[in-house]
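You asked for comments on this model before going further with it.

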Amino acid sequence: MKIKHMICMIITCILCCAPFLYASEAAADGTLTVTVTPGAYWKTERGPQFAVWVEKDDGTYVTTLYVTQRAAKKNWLFAPKDGRPESLPVWYHAVGSRPVTMVAAQDKTEADAVTSATPGASNDVRYSVRLPAGEQYVVKIEVNHSFDYNESWPKKAKKGSAVYSGVNGQPSVVYVCTLDTRSVGNVTEHPVVQSTFAAAGTGSVTGRDGELHHDLAGLTTALRIITKAEASWSSAE
């Protein structure tokens, strides 16, 4: 009788505690938000192409928060027949063949990815996605202007030369930050993890690969498309 009584008590305790265990697990989810402040060269004759996405620290692709519509659809103006793989080469290779969700701008916090025309330069632009704690996330922004020529990547460069860029001009610039949520745990408070992006390198000037080239030498206006960018992860709703 005692053994049966103890078993009943254990089962009852498990059933009573289950909702609390579930709530604790759910509390580990959070919202990752990226805020981008446009710079002096955000808008020239046209807005830039840019993408915001998340990877794990081992390079595994997680999700895209935002990508400009032209880049997502590959619907280019004045582009050669093979398109513009050099526009956002690091993002293109990261996302691979995965579909990019087309949704309305107002639904951007609910979707895996948002595509729209490039936002204006008057205000910060902000994108969010729900992601669980327990990971070290690497957040990346890639930004690029077409026809952004300078002395290092001149318009008259001959095809086949190291500085030839077609209609691209300066290569895309990739900004990176890390958000470590591994120590957040299942807590009742609302922890916040924050980080600031730094320019980490450029994409391929021809779009031939998805490598991050750790050399910012020769860049001018390309480094002034963005003034600053910040990311945060918070468990608060």
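1. Helices here are DSSP runs of H or I with at least four residues, strands are runs of E with at least two, and both are numbered from the N terminus. On that basis the chain has three helices and ten strands, and, read from the N terminus, its elements follow the order α-β-β-β-α-α-β-β-β-β-β-β-β. Please keep in mind throughout that this is a predicted model.

2. As for the chain in general, 44% of its 237 residues are buried, and the exposed surface comes to about 13100 Å², of which carbon and sulfur atoms supply 55%. When contacts between residues at least 6 apart in sequence are considered, 74% of them join residues at least 24 apart.

3. The largest nonpolar core holds 35 residues, and those touching the most other members are Leu 32, Val 34, Ile 141 and Phe 197. At least two residues of this core come from each of S1 (29-38), S2 (49-56), S3 (61-68), S5 (125-132), S6, S7 and S10 (226-234). Apart from this core lies another, of 16 residues, which includes Ala 72, Leu 88, Trp 91 and Tyr 92.

4. Ile 141 deserves a separate look: leaving aside residues up to four places away in sequence, its contacts include Val 34, Val 36, Phe 50, Val 52 and Trp 53, and among the others are Val 173, Tyr 175, Phe 197, Ile 226 and Ala 229.

5. The strands S2 and S3 run antiparallel and are joined by five bridges, with Trp 53 standing opposite Thr 64 in S3. Four residues lie between the two strands of this hairpin, where Gly 59 takes a positive phi near 95°. Because seven of the eight residues of S3 are buried, this strand is largely enclosed by the rest of the structure.

6. Is Gly 169, a loop residue, buried or exposed? Gly 169 lies in the loop between strand S6 (136-144) and strand S7 (173-180), and it counts as buried because its relative accessibility is 0%, where the cut-off for buried is under 20%. Not counting residues up to four places away in sequence, Gly 169 touches Asp 148, Tyr 149, Trp 153 and Val 205. The C-alpha atoms of Gly 169 and His 145 are separated by 7.8 Å, although these two residues are 24 residues apart along the chain.

Notes: Residues numbered from 1 in each chain as written. Predicted model: local features only at pLDDT ≥ 70, side-chain atom pairs only at ≥ 80, totals over all residues. Heavy atoms only, no water. Buried < 20%, exposed > 50% of the residue type's maximum accessible area, 1.4 Å probe, protein only. Contact = heavy atoms within 4.5 Å. Areas by Shrake-Rupley, 256 points an atom, 1.4 Å probe, with all protein chains shown as cover. Core = buried A, V, L, I, M, F, W, Y, C linked by side-chain atoms within 4.5 Å. Pairing = 2+ DSSP bridges.
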